[in-house]
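Me: I would like to go through the labels used for this model. Please set each value against its cut-off.

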Amino acid sequence: MTTIILAILIGGAFGFALDRVGATNPDLIIGMLRLSALHLMKTILLAIGVASVLLFGALLAGIADPGNLSVKTTHLGVLLGGALLGVGFAVAGYCPGTGVAAGATGRKDALVFILGGLAGAAAFMASYSWVASTGILTKLLGVKATLGAISGTGYPALLSGIPGEWIGIAAGLVLVGIAFLLPDSLRGNSPARKVAKDATGH
Amino acid sequence: MTLSWLKGGLLLGLVFLAAVLLVKPIGVSTQFVILDGILWDMVDPQTVVASPDAKSGFASPNAYLNKSGGKYAKSVANPVNYGFVFVLAIAAGAGLSAFLRGGVARAQRTMPDIWRANFGDSPLKRYLAAFIAGFLVLYGARLAGGCTSGHMMSGVMQTALSGYIFTAGAFLAGIPTAILLFTREG
């Protein structure tokens, strides 16, 4: 029961935040990918960086449970699947999470995107045995690796000698730094105009 | 009403942090499989069956639902679980936020401005593209084992190698696609 309440609270906060940062607006997602409006790139880099610094700080302080971490396997499918997702992400301006959120804000193209997503997920379910037989899901490492060794987890580390928690804090600070250094646009379009336009809804 | 990147980034970062401190890192795309499984099981009740031999207690003739000891089969059989309710709550939270800020402008509800500027006003054309894009995004996410949430946000937050590789793949494909497709500003 507690986990269901947490699912409602954290999921609800995530959906609310996605809408408030502008991630439910495909104009801003597509603007990010065509490098003309980096508002969302700065937002997401800052979010990941801040969360990383605080998470690894909490792990060092012993107030976070390392058992809550969940690292995914690295394999060739991660790169190929990421590329497939990237193409669809650019065409629609939605990813799975922002698509669900945008559908709920009243965007009909997002609802159609979700239907396409259900079809794509079903196609993967149907083709999974074949995909696995190609070895794509085990090639390229095939392990759940992190940059440094994190205490209390068994994940293999790429770098040894420095605790993974400190590497995590450093990596987080790098992301925060990039968020501050990135300009609003790399292609001469004013993202401020886009954000303002979104705010008024016209 | 859109938050500045500084305020928005802090807000989103605190949500990522709360998720991993209290339960586990945020993820979304698995739940498309779970919903497919629920719908499929309504049509064919043999899609997911109780199986005392399976680690999760559930099994499926579909190899994907059956993998990892029937982990997904179990979620299909019990939709009131953390991951599935989490995604329903995303919709509720975003819907509430949109309602409080006065909703999305009418013209934006069928397509974003930049689509209209490049491909015209036909909703059907936009819906067809959105459907195919959704197909690619979810097929890709399942092939990768996660999406923008699970791999990019949660993975990179945890310094997971898979998160960096996924992010590289997504942007190396997404940036040229967006630049070539949308030549006119919105």
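Me: How many residue pairs are in polar contact between chain B and chain A?

Reply: The count is 30 residue pairs, both residues at pLDDT 80 or more. A polar contact is a pair of N or O atoms within 3.5 Å; within protein, one must be able to donate a hydrogen and the other to accept it, and residues adjacent in sequence count only if both atoms are side-chain atoms. This is a predicted model: local features need pLDDT of at least 70, side-chain atom pairs count only at pLDDT 80 or more, and totals for chains, interfaces and linings use all residues. Residues are numbered from 1 along each chain as written, chains are lettered from A in the order written, and side-chain values use heavy atoms, without hydrogens and water.

Me: What makes Asp109(A) and Arg126(B) a salt bridge?

Reply: Their closest N and O atoms are 2.9 Å apart. The rule asks for a side-chain nitrogen of Lys or Arg within 4 Å of a carboxyl oxygen of Asp or Glu, so the pair qualifies. The rule finds three salt bridges across this interface of chain B and chain A.

Me: Which ring does Arg126(B) lie over?

Reply: Arg126(B) lies over the face of Trp115(B), at 5.0 Å from the ring centre. The cut-offs are NZ of Lys or CZ of Arg within 6 Å of the ring centre and within 35 degrees of the ring normal. Lys42(A) lies over the face of Trp5(B), at 4.3 Å from the ring centre.

Me: Why is the pair of Phe124(A) and Tyr64(B) called edge-to-face?

Reply: The ring centres are 5.0 Å apart and the planes stand at 85°. Rings of Phe, Tyr and Trp (its six-membered ring) pair if their centres lie within 6.5 Å; planes under 30 degrees apart are stacked, over 60 edge-to-face, the rest tilted.

Me: What makes Tyr64(B) and Tyr72(B) an aromatic pair?

Reply: They lie 5.3 Å centre to centre, with 65° between the planes, and the pair is edge-to-face. Tyr72(B) counts as buried at 9% relative accessibility.

Me: Which residues form one aromatic cluster?

Reply: Phe124(A), Tyr128(A), Tyr64(B), Tyr72(B), Phe135(B) and Tyr139(B). The structure holds 14 aromatic pairs over all chains.

Note on methods: Buried means under 20% relative accessible area, exposed over 50%, partly exposed in between (1.4 Å probe, protein chains only).
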